[in-house]
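Hi everyone, thanks for making time for this. Let me put the chain up on the screen, and then I'll walk you through it.

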Amino acid sequence: SGGRFGAMSRMELEFAWPLLSATAEYLKLFAEQSLQFDLRPWGVVAANLRLGGIEPLGDQVTDDDGFPALPTASIPIVKRFFGGGRTTHRAYERDLLGIVGRTLNLEGEPTGGNGLLLLNLEYRAPVAGSVEALAFLDAGNVWADWRDIELESIRFGAGIGARYLSPIGPLRLEMGWKL
């Protein structure tokens with residue numbers, strides 16, 4: 001039997017402006033493209049690409065010394081981009097993908113960013129019944145400003161794992177390493 005192909009595209013555009021007690025003013029764009037190739041009986045190859053940018057629109061925020069603050073300063077933290085963890089970049093702990101002093105504070109805690117680029121590639125091979133083995137490569141980062149996205153700052157990770165395709169959805173066990 002021949003292979004099958006699947007694709008999913010998603011794009012979100014968000015515009016926020018001050019209203020009542022809200023003060024945030026920004027434009028946020030997020031795009032995602034997923035592809036899946038069924039290579040029966042040898043397994044599945046899947047790819048996912050995510051891009052995002054947030055543009056602050058209000059007055060420029062300054063720090064205590066009067067210098068321009070990071071572009072993220074005027075964006076609510078819940079609206080910023082974060083990376084790291086099982087659904088984004090599996091070589092990094094949850095939300096800990098970023099650049100120290102820009103999207104991670106000096107202690108390494110996540111502060112989020114206004115630019116996002118993530119690529120996930122995965123090969124899943126059948127083992128027995130509903131059990132699959134997998135190998136993956138994740139690449140990307142989170143930047144303070146979407147204009148700062150550059151290939152030299154991309155962080156890579158690779159890993160292996162197993163999935164059990166249960167009746168309620170896949171149960172996953174994965175381990176990733178920073179490259």
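The whole patch is made of Met11, Leu13, Phe15, Trp17, Leu19, Leu20, Leu27, Leu29 and Leu57, and together they have about 1,000 Å² of accessible area. The elements that contribute two or more residues to it are E1 and E2. For the record, a patch here takes residues with over 30% relative accessible area and no salt bridge, joining like charges within 9 Å and nonpolar side chains (Val, Leu, Ile, Met, Phe, Trp, Tyr) within 5 Å. A salt bridge is a side-chain nitrogen of Lys or Arg within 4 Å of a carboxyl oxygen of Asp or Glu, and areas are Shrake-Rupley values with a 1.4 Å probe, where for residues only the protein chains shown count as cover.

Before going on, please keep in mind that this is a predicted model, in which local features need pLDDT of at least 70 and side-chain atom pairs count only at pLDDT 80 or more, while totals for chains, interfaces and linings use all residues. Residues are numbered from 1 along each chain as its sequence is written, and side-chain values use heavy atoms, leaving out hydrogens and water.

How confident is the predictor? On pLDDT, its confidence in each residue from 0 to 100, the chain averages 92, and 94% of the residues score at least 70. Among the elements, E1 has the lowest mean, 95, and strand E5 (residues 131–143) the highest, 98.

Now the architecture. The chain has seven strands and zero helices; these are DSSP runs numbered from the N terminus, with helices being H or I of at least four residues and strands E of at least two. We say two strands pair if DSSP finds at least two bridges between them. Strand E1 (residues 4–16) runs antiparallel to strand E2 (residues 26–38), with 13 bridges joining them. Another 13 bridges join E2 to strand E3 (residues 44–56), again antiparallel. Follow one row across: Met11 has Ala31 of E2 as its bridge partner, and Ala31 in turn has Leu51 in E3. E2 and E3 form a hairpin with five residues between them, and Gly43 in the turn has a positive phi of about 130°.

Further along, E4 and E5 pair antiparallel over 13 bridges, with Leu121 opposite Leu137 in E5.

Let's finish with burial, where buried means under 20% relative accessible area, exposed over 50%, and partly exposed in between (1.4 Å probe, protein chains only). A polar atom of the His89 side chain lies 3.4 Å from the backbone oxygen of Asp138. Arg90 sits in that loop between E3 and E4 and counts as buried because its value is 14%. The side chains of Arg90 and Glu174 make a polar contact of 3.3 Å, meaning a pair of N or O atoms within 3.5 Å; within protein, one must be able to donate a hydrogen and the other to accept it, and residues adjacent in sequence count only if both atoms are side-chain atoms.

Definitions and conventions. pLDDT is the predictor's confidence in each residue, from 0 to 100.
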